[in-house]
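Please keep the sequence and the model at hand while reading.

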Amino acid sequence: MSDDMDDIQAIFFEECAEGLAAAEQGLSAMQAGDVSPATIAAVFRAVHSIKGGAGAFGHVALTAFAHKFENLLDEVRAERIAPTPPTVGVMLSALDILSDHVAASQGSATTPDDAASLAAIQAVLNGEAGTVPASPPSLSPSPAPVAPVEAAQPADADPFGFEPVSVAVDDFDLGAIMAPAEQDAEAEPVGEPDWRVEFGPSREAMAGGSEPMLVIRELEDLGGRVVAVDCSSLPALRDVEPEDAYLRWTIQLPGWTREDSIQEAFDFVAPDSHIAIARFETERTPATTASEEPRGGDARALIGQIEAAAPGIAAAAQAAETRVTDSASQTIRVDLHKLDNLLNLVGELVIRNSILSDRLSAKDQERVELPELARLTREIQDNVMSLRAQPIKQAFSRVPRMLRDLMAETGKQVTLQTFGETTEVDKGVIEKIGDPLTHLIRNAVDHGLESPEERLRAGKSAEGTIRLSAEQKGARIIVTVADDGRGIDRARVRAKAIEKGIIPADAALSDEEIDQLICAPGFSTAATISNISGRGVGMDVVRSNVEALGGRVEISSTPGKGTSFTLVLPLTLAILDGMVVRLAGQRFVLPLATVVEAIRPEPGQVSATTPDNEVIEIRGEYLPVRRLTEVFGLHANEDRPVHESLVIIVESESAGRVGLLVDTIDDRREVVIKSLEQNLHPIRGLGGATILGDGSIALILDVEALVASAASHNRNLMRGLAA
Amino acid sequence: MTEQETPADEIKIVTFTLGARHFGIDMRSLIEIREWSEPTPLPSVPGYILGVTNLRGTVVPVVGLAERLGWTPSTIHARSCVLVVNIAGKQAGFLVDEVDDIVAIQESAIQPAPDVELQEVNVISGLVQITARARDGSEPKPQMVLLLDLDALAITRHLDMAA
């Protein structure tokens, strides 16, 4: 039971994350000037659905805040408040608080202090309404400006001098929203403003046996309706006195109700109780009435309000949707396990297919239309693969908020440019590049970009630019984080690396090699290079995370012009372009992405430097060579002369180019990666396994791990990097 | 699913032999029984892990159970098979000499294993006597079955992958 609840909650939080990302994206677009109804509606929908879910799960603080936020969005959506940059700013910070609230509900953070944000929202709600310029022509005519909700307090009836208008409400689905009792009221000629009655029974009245319920019923019989419940004085549960009264209701009654009949309802609770009866400006839109702000976070009141408001909101959302039908395609939520299963089954199908083609003669293959079957199978495989693909936008959407925080922390001004957000990547990859991306953005702001003053001195604009882009190149995804900052100070990096013992003092390194040093373990940039400390922004973490994904990090930097980090990642974690090689009769798969060339060495081309180490000479360059049969302890053919084997030169992050000695190359093919960890455990030197055409298993070589040990054997210059 | 509830005290075990000894594992852990086929050997793993095999698209390790328990490794013969079991969510195959039978036993009839002199604790979770059908049609006779604790046999438990 509680497990089920947890599952449902988990789904809710997943939806929250998606909603926050969508809102973030929408607000960023608004900030950038896109204030189209579609964008506003998207943000509204996102916040609205977070609120709805939060209410259902009883996350009171989250619900209350989301509700307020939604009110503001609703006003903007209805064009009663203009999405000016300051307003969007308020909404952006509200989004930050909202996401803190979500984190708090999830238990991963403390409940944020939302008072400032609420006040800002309120200020916008109070201040901006009524000053909205004419609506953009793209929308159907909006209703006449309306007095803001909060201004419509009982005391100041009609502060704006508006004539009550109850007819120009075509935009709103009145019928769906109006309580039946009120429809009559609406039909009445509107002569007088509605009544707004506040009722808070006193302790004395309660002790005297009066029943607030009866009072409210009586008012309801008069055509009244509870529009808000104030439970701000409700104490914590353990402090609740069952005898005491804590709640205060606001009841709205039609304007034609006689005041004395309202008074009568209170006969048995007066005079101690709080009773305020006043007329107030009739609201033109019941939708606004329905979303009237409660004074506290009573979940029931909120649910009541949501219910009351829902048809209107739904109708409005629907209207918005019909305007932007092209924007969102239909989606369905699928358990990732099911997809993985499907992928496995299709993989099996592909394998069976190649078994068939191995066993059938060419003529028979034609007869049973095997090539056609193979084509279909391949197509199914591609499609199933693409099911796991998601736009990289998901990973990018976290960045704007992070940047805002960083700007606040560092006082630096940053503009973010994103490109290629729609590039599709395997979901697994998207999940795993989040952390490296966070590190890189932080790094760019902390170390890459200069302070505004410094930038001005250097003849640049005060505002720095970070360019975040993604593109697909063949089977790889290239993600770049580039800044236009000061570039890497190579002399300093080098000095630091020598000081830390990462490189010897006399090491001759190219600029690129020096740049790579900032990814060395122990080269904590935060503590050493930046003036912002205490965060431990380790670039080695970036590198190891990316390498764990089968990718690599490239760094390029121009002093004074900026630095760019490029992550070269596999398109999917499930498929790999590989070279099938043989070691002592057993087949292994070498990821093709790492392969530079294959060489059949001439006698004498490979020579030993120490009893345990060999090098190969290629065009005047000596590269270390690893005998994989030895690495894996496959001692089947140790006396085989080297020149009967093949040396495959691989390019690695940690040790540069290294030769791997294998017996033969069998084949080149795409393989479906199967994890060894699923049922066993990771094995050093192996990146997984795959199933070959005949159903047998081939192990996938992990080049980094293999050459890293080679590097340490060879006491390579970059030893520190390989640790 | 239902067999474990009928009658409350009864469990079903699958019995098999390793050399002259009879062993049993809880039926509920058994995924399937497969014919022996040569697994793909793995580098840098203990000798009793014979390799990995393809179980309908999943890579499953195969363990030489006799070796794992400290006896002479099984030789492969016509009746060799692999019991694929589920241990705490992971799948593993155990090479055994021969699968005998599926028998129902009373949980109350399980006797605690005496302190077996194995290097580790509780690989044998208990002893139970069953009346075995003889293959040659002779009189059924009582037989001792060593019940294996699969959790204690979990592969990952005894391996330090970082090695």
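**Partly exposed leucine in a surface patch**

A:Leu234 has a relative accessible area of 41% and is therefore partly exposed, where buried means under 20%, exposed over 50% and partly exposed in between, with a 1.4 Å probe and protein chains only. The model is predicted: local features need pLDDT of at least 70 and side-chain atom pairs pLDDT 80 or more, while totals for chains, interfaces and linings use all residues. Residues are numbered from 1 along each chain as its sequence is written, chains are lettered from A and ligands numbered from 1 in the order in which they are written, and side-chain values use heavy atoms, without hydrogens and water.

**Surface patch**

- A:Leu234 sits in the loop between strand E2 (225-230) and strand E3 (248-253) of chain A; helices (H or I, at least four residues) and strands (E, at least two) are DSSP runs, numbered from the N terminus.
- Together with A:Leu237 and A:Val240, A:Leu234 forms a nonpolar patch on the surface, with about 290 Å² of accessible area in total.
- Patch residues have over 30% relative accessible area and no salt bridge, and nonpolar side chains (Val, Leu, Ile, Met, Phe, Trp, Tyr) are joined within 5 Å, like charges within 9 Å.
- A salt bridge is a side-chain nitrogen of Lys or Arg within 4 Å of a carboxyl oxygen of Asp or Glu.

**Helix pair in chain A**

- The axes of helix H18 (residues 427-448) and helix H23 (residues 539-548) of chain A come within 9 Å and cross at roughly 150°.
- H18(A) is therefore roughly antiparallel to H23(A), a term for angles over 145 degrees, with under 35 being roughly parallel, 65 to 115 roughly perpendicular and the rest oblique.

**Positive phi angles**

- Most residues other than glycine have a negative phi.
- A:Glu369, although not a glycine, has a positive phi of about 55°; A:Glu369 lies in the loop between helix H14 (362-367) and H15 of chain A and is exposed, at a relative accessible area of 54%.
- A:Ala584, also not a glycine, has a positive phi of about 50°; its place is the loop between strand E12 (575-583) and strand E13 (586-591) of chain A, and A:Ala584 is partly exposed at 26% relative accessibility.

**A buried valine**

- A:Val384 belongs to helix H15 (residues 370-387) of chain A and counts as buried at 7% relative accessibility.
- A:Val384 and A:Val346 are 38 residues apart in sequence and 8.0 Å apart in space, C-alpha to C-alpha.

**Chain B**

- Chain B contains two helices and ten strands.
- Of its 163 residues, 46% count as buried.

Conventions: Accessible areas come from the Shrake-Rupley method with a 1.4 Å probe; for residues, only the protein chains shown count as cover. Axes are lines fitted to C-alpha atoms, for helices over the stretch in contact, and angles run from 0 to 180 degrees between N-to-C directions.
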